[in-house]
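Please read the points with the model open.

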Amino acid sequence: MNKMLALNWKMNPTSVAEVEKLMQAMKVALAQIRTGDVVVFPPAMYLDLITRIKESEQIYLELGVQDVAIAEKGAYTSQISANMAAGLGLQYALVGHSETHQYLGVTDASVGQKVLQVLQSGINPMICIGYQEDTSSQEIDYDMLKSQLQQALEPSKDLITNQDICIAYEPVWAIGTGVTPSPETIETVIIFLKRTVQEILGAKTAENVRFLYGGSVNSGNIEEFNALPELDGFLIGGASLKPEELPKLAQVVV
Ligand code: PGA
């Protein structure tokens, strides 16, 4: 299975000039990449600009939206539907990121509705698992992780065939903090998530699902995590905005 490098820019950068600079850095870092296994989730405001830069500079990356609505269209002020993203040629939608739980009222149940929208629109969901209200507790709650996976996948399990489903384990306490679980812990949790996805989707469908880790990944720790046999890639926030970090991060997919 190909490794996946997913870069979540969150609400950054804050100017067009900075977007252009970051895209130039991406171009250099990704110069050797010729596959579709790098995806950037920029603020939706910049998608058009980034698409034009990506095409004119021939940068090999896919684009995605950072969230989608629970419905196809209608009175959902401020939101974006999965259909809109699909219509613009985007390949991925991030669903259930912890910051959408924290600031936008996303729940484990609404993650399932969003995943359904994403799959019905024909694009690929990148589903974040690991949000909990107590953002500082480092205890692994396997029941919670299982329930999050069930709620995310059950509503659309009959629609899942060979789409590129990515599950990102993102313990909320590790996001943006500089603190990470140990490699052994990540491996243990990923094995558990894989087993749970097999139970939900069946072994054959589960074979195509990719499992990522996200939370304070940077050029200093990515190599050690990348050696974990069960891990299929990374979802990276802060470090993806730093041009000097990008070449090392890109090594994952070269
Ligand atoms: P971080 O963010 O790499 O800045 O910790 C990861 C994420 O929010 O997906």
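1. On a 1 Å grid over the protein atoms alone, a cavity is a set of points where a 1.4 Å probe fits but cannot get out, whereas a pocket is an open set with protein on both sides within 12 Å along at least five of seven lines; lining residues have an atom within 4 Å of a point. Grid points are joined across faces, edges and corners, and a volume is the space filled by probe spheres set on the points. By this rule there are three cavities of 30 Å³ or more.

2. The model is predicted: local features need pLDDT of at least 70 and side-chain atom pairs count only at pLDDT 80 or more, while totals for chains, interfaces and linings use all residues. Residues are numbered from 1 along each chain as its sequence is written, and side-chain values use heavy atoms, with hydrogens and water left out.

3. The largest cavity has a volume of about 80 Å³. Its lining includes Gly130, Gln132, Asp141, Tyr169 and Trp173. The lining divides into seven nonpolar, three polar and two charged residues (nonpolar: Ala, Val, Leu, Ile, Met, Phe, Trp, Tyr, Cys and Pro; charged: Asp, Glu, Lys and Arg; polar: the others, Gly among them).

4. The second largest cavity, of about 50 Å³, is lined by His101, Asp108, Val111, Cys128, Ile129, Gly130, Tyr131 and Gln148. Helix 5 (108-121) and strand 5 (124-129) are the elements that give two or more residues to this lining (helices, H or I, of at least four residues and strands, E, of at least two are DSSP runs numbered from the N terminus).

5. The largest pocket holds about 770 Å³ of space. Of its 27 lining residues, Met11, Gln66, Asp67, Thr100 and Leu104 lie nearest its centre. Helix 4 (residues 98-104) gives the most to this lining, with four residues. The lining comprises 15 nonpolar, eight polar and four charged residues.

6. The second largest pocket has a volume of about 230 Å³. Among its 18 lining residues, Gly176, Ser216, Val217, Gly237 and Gly238 are the closest to its centre. Its lining has five nonpolar, ten polar and three charged residues.

7. Cys128 is buried at 7% relative accessibility, and Cys166 is buried at 0% (buried means under 20% relative accessible area, exposed over 50%, partly exposed in between, with a 1.4 Å probe and protein chains only).
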